[in-house]
Amino acid sequence: GEVLKNLNKFYKRKEIQRLGAENGLDARLFHQAFISFRKYIMESSSVSADLHIILNDICCDAGKGHVDDLFPFFLRHAKQIFPMLDCMDDLRRISDLRLPPNWYPDARAIQRKIIFHAGPTNSGKTYHAIQRFLSAKSGIYCGPLKLLAHEIFQKSNDANVPCDLVTGEERVYANEDARQAPHVACTIEMCSTNTPYEVAVIDEIQMIRDPARGWAWTRALLGLCAEEIHVCGEPAAIDLVTELMYTTGEEVEVRNYKRLTPLTVLDYALESLDNLRPGDCIVCFSKNDIYSISRQIEARGLECAVIYGRTKLEQAKKFNDPDDPCKILVATDAIGMGLNLCIRRIIFNSIVKPTVNEKGEKEIDSITTSQALQIAGRAGRFGSSFKQGEVTTMHRDDLVQLKEILSEAVPPVKAAGLHPTPEQIEMFAYHLPDATLSNLIDIFVSLSQVDGMYFVCNIDDFKFLADMIQHIPLNLRSRYVFCTAPLNRKEPFVCTTLLKFARQFSRNEPLTFDWLCRHTKWPLAAPKTIKELVHLEAVHDVFDLYLWLSYRFMDMFPDAVLVRDIQKKLDDIIQIGVCNITKLIRASQSAAAPGTAEVVSEDFPLSRTKKDARVVSDRHGAASTEALSIAVEAAGLRRAKNLRPSRLGSRQEDLKSYGRGSLANRLLREGLLTQEMLRQLESEWQDQHRNGRYGFGSKRDDQHRSKETGKKRK
């Protein structure tokens, strides 16, 4: 007891905490080291003689020893459990991120001219930058989407300016002999900071603040070796770009643009799909909404194009084609990222967007002003058949809030993203050879020092993959590459396939075309249900993953050409499924158990695979309490867990759990409830609440409730 009391006294000493900090132990590490040190002393059958003497002097001879004398032993123990303490100075120097411009000596060796094209959507800012790109002897275009890189690639070659296409999964050469063309269009992560160009274009520069991908814009802005850097984006990023360029000694010329066509926020909501007109685009924030809305549109005898995921290109062409009867579009917010579409009116199906927080919990937040402006601005594109754009909401409740969001100023971009490089992680590994890659990343981030203009990007996806493949024997550089693979960790099929890729790679066995076909069960048939369509999309992601890895490990992923061929065939099969999406929904419902209606939800790929989030109706067509709870969860609503039977009768305000609208209206819109079901539910809740009970009672209770209901109807 005396030893424990003195150890705790040692822990609380400010002088000891200061000494710990000087030796690399921050508050978290100091606490962990002390817990381990205390456990070692209290639970060991014996300790070293010198430590035993010190403890004896402290506990038994108060005038001879002091708790501070324990520090050398504590520090020695801390270094055993945290080996990086021995090389803390080196590690701090490696993780010093305060001067990112110095990482790019080639760019610092030339004097670059920075031109910022600032303006809203549909203002011509990117057009003017691309015109300079096309007139240059050599150039590089860096965009946020494969589709945008493909568009510039196509436009350049159509203008007789040979241009290559480079994305994570694809290389297309303008020259038949695969010689590198002087111009290249690429996704921003793929830009080269070593190749010299006359002109570089960096599109959507405001994404430099993106918590996951912002590092790619920072790298391009600081590192591209081009005489002229043309930056396009929101005015909110001007100040940050100017400050960043001040640290490199480069001035920024700002060119401001105004919108070329008027954009009007309507004073009325759509309210009913019966009010749709040619050129309308309904923007949804989940696949469930897309499936539901597209089905309701086609039920009215209208044809609609659907844009989400990888369906963008073909469906966009279909919608833009003046000879195609399809004149209604249902899309995700992906259209806000520069897609050129002939839209007359943007209709927000909702103004709240599901997100996942750092704990993996689902949250629902209103869209930001920047997001709302990007999406709304797609209406009335200059040069299209619509001379002005309009924007509104599906529901009247949302329109007031949308107007508030659009009227607010876009907050300035405050900081640029950074990400540890493979070279930095390798240097860490040299000092900490026994640490896992996930631990190396954690230590790097905890020790990293950043200037106020920068932040370290979110590395959760990287760590997820690092932990997933940790047990597979790979060298550090290969492991790092696998962990940067672009995949959605919510897709189990894709994640397990990456695991198989890594295991086969570790055995030094090439991943051949035949091997891939066996594991994906290719060839695949056209989808008959929504579930099958979702699986086909996952297989498409696996092919993307193979192609991405084939450009990094060509000898181990040798059959990229064959995989690209079957991916094109799979694209066609998926397009058939998307075009027949209404039929697939009907087939999914008929395949479900009698009396059920299946709801496909991308938000519950692991936890709800057995239930498939079904809305269960009783034999009379009235939804049960359990049915409503599951329906709410399927709709992706955070407060579903609060709508338990014990609370359903309390207050009708419990229905106000989705954005600012009524949950009942939301479920009606999604097709999860009918008006008759809602009326019967209200009647049941009122009866249950009146009788002080929230379950179904005896026959006598039922008779009593029937009498009360009869009185009420009279």
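**Note on a sheet and salt bridges in a predicted model**

1. At 25% relative accessibility, Arg-108 counts as partly exposed (buried is under 20% relative accessible area, exposed over 50%, partly exposed in between, with a 1.4 Å probe and protein chains only). Glu-250 is buried at 4%. The two form a salt bridge whose closest N and O atoms are 4.0 Å apart (a side-chain nitrogen of Lys or Arg within 4 Å of a carboxyl oxygen of Asp or Glu). Arg-108 sits in helix H7 (residues 105–108) and Glu-250 in the loop between helix H11 (238–248) and E9, 142 residues apart.

2. The model is predicted: local features need pLDDT of at least 70, side-chain atom pairs count only at pLDDT 80 or more, and totals for chains, interfaces and linings use all residues. Residues are numbered from 1 along each chain as its sequence is written, and side-chain values use heavy atoms, leaving out hydrogens and water.

3. The salt bridge count is 30. Asp-68 pairs with Arg-13 at 2.6 Å between the closest N and O atoms. Asp-68 lies in the loop between helix H4 (49–60) and helix H5 (71–81), and Arg-13 in the loop between helix H1 (2–12) and helix H2 (14–22), so the pair ties together parts 55 residues apart in sequence. Helices (H or I, at least four residues) and strands (E, at least two) are DSSP runs, numbered from the N terminus.

4. Arg-277, Asp-280, Arg-344, Arg-345 and Glu-390 are linked in a salt-bridge network.

5. An open sheet of eight strands runs E5-E4-E6-E3-E7-E8-E2-E9, with mixed pairing (strands pair if DSSP finds at least two bridges between them). Strands E5 (171–172) and E9 (252–256) stand at the edges, each with a single partner strand, so one side of each lacks a neighbour in the sheet.
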